[in-house]
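Okay everyone, thanks for coming. Let me put the structure up on the screen, and then we'll walk through a few spots together.

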Amino acid sequence: MSIAYDSRRKIFTLTTHNTTYQMQVNELGHFVHLYYGRRIEGTTEYMHVPRDCGFSPNPYPLRLERSWSMDLLPQEYSGANAGDFRLSSLNMVTEEGIWGADLYYIRHEIRSGKYSVSGMPSAFDRAREAETLSVTLREKASGLEVELLYGIYEKQDVITRAVRMINNGEKEIYLKKAASACLDISFGNWDLIHFYGRHTMERQMERVPIINGIQTVSSRRGTSSHQHNPFVILCDKSATEEFGDCYGMMLVYSGNHRTDVEMDQSGSLRVVSGIHDEQFSWKLEPGESFDTPEMLMTFTHQGLAHLSQIYHRFLRKNICRSRFARERRPVLINNWEATYFDFDSEKILNIARQAKEAGVEMLVLDDGWFGRRNDDNSGLGDWFVNESKLPDGLEKLIAQINKMGLKFGLWVEPEMVNEDSELYRLHPDWAMKVPGREPAMSRNQLVLDLSRKDVGDWLFETLSDLLRQYHIEYIKWDMNRSLSDVYSRILPPDRQGEVSHRYVLGLYRLLDRLTAEFPDVLFEGCSGGGGRFDAAMLAYSPQIWCSDNTDAIERLSIQYGTSFGYPISSMGSHVSACPNHQTGRDVPLGTRGVVAMAGTFGYEMDLNRLTEDEKRQVREQIERFHEYYNLIQDGDYYRLECEEKNHYFTAWQFVSPDRSETLVSVVITRPRINRNSICLRLRGLDPEAGYVVERQEFFGCHVQADRIPMGDFQKTKQSYSGAVLMYGGYVLPQMSGNYPSVQIYLRKR
Ligand code: DGJ
């Protein structure tokens, strides 16, 4: 059993393979947090000693003893306006105008299997490995019941959390804040790691000290956003990739979110995370309930690489629903950067032909194939073929592509509408706008009100028709603006605060229906690149286009940051043309291939424009990718080095689960002359075993690989023990040139 309840001391202990999580109902009935961290036997109850503190109020029954305060006690789910001035997890207003929340334990239940969250994706449990603890608290003044849900995945060291609010009173309640989780950490010295960015520069990793006060990571853009990913890590100040205590908190949610980290007056930490409370309000009629999104939590004492590996495995196994998460996915070519809007069937067929020769397996037709879509000002909403570009229709084009031996994939952006479209002319009220205001435009498009059932139903029918009518094996689901002017014409005034969340629920409902109806279609998520790269979208699409920035050198830091939480198999990554369309930079084709292989791998260019030698290189890249496929998609991932820190190179490594193979990739971003050689300490190998360098390929080196002076150490077919490679290191020859790279493949003897 991974859940134990000590009824005498009212202590709950959740145990996973390497961690312990503990909480207690105290003598006044408050539900307090005791411990989350490395696995222990016994309890840490003794650590939370009673104490008084000036201006921290005492609960009424203890007003004379003044021995403790809600403002100092670690809580499982903090209230508001009831003696704790730190971050609240829950806030609400009753019909009488009473606001805040004062929560007391009333019951609990332990059951096998995993709870689910209503209307939103959450971790599943096909192997029936998980257990659920449900603890219900009652809000004193209103009758609101707050069910705290914990899912324990013992083997995987993951604890999931979600909260269900049930109005068991007789009057309406308005939720004003409903966090998914609160984590109080009483002791320690912590850094916060978060992932910030912008369009074309998503998920930049930043590690900052925790300061006195509150640090916030959030989005109010209606999506999880390019700017702040709904995932944070708290790690001990001394933690590295290899060692040290780290907590991960990842929201399974794609809409407005907010994570606050507060260091309070006594130096303790509180993290509260969930739906953003600004522009949020939810009316609960008597008998109604509301579920928060799920939070995936983990702890490890083994550093950041281990934390990432826990998330990678968990997301692949317990979040990604698609069968393709566990199957070999095709190497694709996408025409976007090859043609933008300027294409016809002949151009597409030419791209497909050349791609097929190189070994590509699927052609994806991107934006511009529908309505009157000749630039990005019109056509969104009209999901029928653009006959000026494809006069023979999609069916013929797909048949021709299939005949070449390629699968066919299609781009759509269902959540949007242009004013210049048939859909808008027919249903102007389906677009989100605030009455009396001109809406803010972005890419000259508006957002469809997906909180409306009729809009969702129409989209389901329209997209289903497309998928039924044509032989489409892949959908790229794009979303190219943030939500503003949030307002729904069919909701009453006191429910307008629900629209942003209802939008997300509508999106999930639509994706639930489509992915269930078309399980054989591979979905790739996208939002102007990686603007909606989150665990909830991974439930539907096992891969998400990582960024609209396809420059391999820029991708190094984007993919580096993304890898902290999300599996390599989920990162859409393509080789594109040079000079790169976003940065104008030239990077050797080989290096572009090495970087795109740390992802789903594909091409975003017209291969006809390559020289014969480059075409040969592309063929070889695809062959290599197939050979390394399992290692890359299912292997353990290690960040070895990062150019942000060393101003020299980035290196990463894949190790197969049985430690029999490893692939090391290195990209030099700033060649350093007269510096010591790069010595890479490999990770995750069997120290006792011998490993043979089966292949070592240099790309873009100024001096050709076969003429680089190589010591014996670096030659292929050399063999070393795992211990030598991990504790000594693998030394690279001097590499110079414009962004040279090397891939080294070693296999256990
Ligand atoms: C944004 C995507 O990220 C691109 O890959 C491309 O599909 C464009 N949208 C098309 O409009």
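So, R443: a polar side-chain atom of this residue sits 2.9 Å from an oxygen atom of the ligand. Keep in mind as we go that this is a predicted model.

Which residues come nearest to the ligand? There are 13 residues around it, and the nearest are D366, D367, K476, D478 and D548.

Okay, over to the helices. I'd like you to find α11, residues 612-634, and look at two of its partners.

Partner one is α10, which covers residues 589-596. The axes of α10 and α11 come within 10 Å and cross at roughly 20°. Angles under 35 degrees count as roughly parallel, so that's what we call α10 relative to α11. The crossing of α10 past α11 is right-handed. Who's touching whom? On the α10 side we have L589, G590 and G593, and on the α11 side E614, Q617, V618 and Q621. Sort the residues of this contact by class and you get two nonpolar, four polar and one charged.

Partner two is α3, residues 345-358. Here the axes of α3 and α11 are 8 Å apart, and the packing angle is about 60°. That angle makes α3 oblique to α11. From α3, the contact uses Q354, E357 and A358, while α11 brings in K615, V618, R619 and I622.

Last stop, a couple of backbone details in loops. Is the peptide bond from C578 to P579 cis or trans? It's cis, with omega near -5°. You'll find P579 in the loop that runs between β30, residues 575-576, and our friend α10.

The other one is Q279. Its phi is positive, about 55°, even though Q279 isn't a glycine. Q279 is in the loop between β17, at 269-275, and β18, at 282-284.

That's my tour, thanks!

Methods: Residues are numbered from 1 along each chain as its sequence is written. This is a predicted model: local features need pLDDT of at least 70, side-chain atom pairs count only at pLDDT 80 or more; totals for chains, interfaces and linings use all residues. Side-chain values use heavy atoms; hydrogens and water are left out. Axes are lines fitted to C-alpha atoms, for helices over the stretch in contact, and angles run from 0 to 180 degrees between N-to-C directions. Helices (H or I, at least four residues) and strands (E, at least two) are DSSP runs, numbered from the N terminus. Angles under 35 degrees count as roughly parallel, over 145 as roughly antiparallel, 65 to 115 as roughly perpendicular and the rest as oblique. A crossing is left-handed if the near helix is turned anticlockwise from the far one by less than a right angle, and right-handed if clockwise. Contact means heavy atoms within 4.5 Å. Ala, Val, Leu, Ile, Met, Phe, Trp, Tyr, Cys and Pro count as nonpolar, Asp, Glu, Lys and Arg as charged, and the others, Gly among them, as polar. A residue is near a molecule or strand if one of its heavy atoms lies within 4 Å of it. A polar contact is a pair of N or O atoms within 3.5 Å; within protein, one must be able to donate a hydrogen and the other to accept it, and residues adjacent in sequence count only if both atoms are side-chain atoms.
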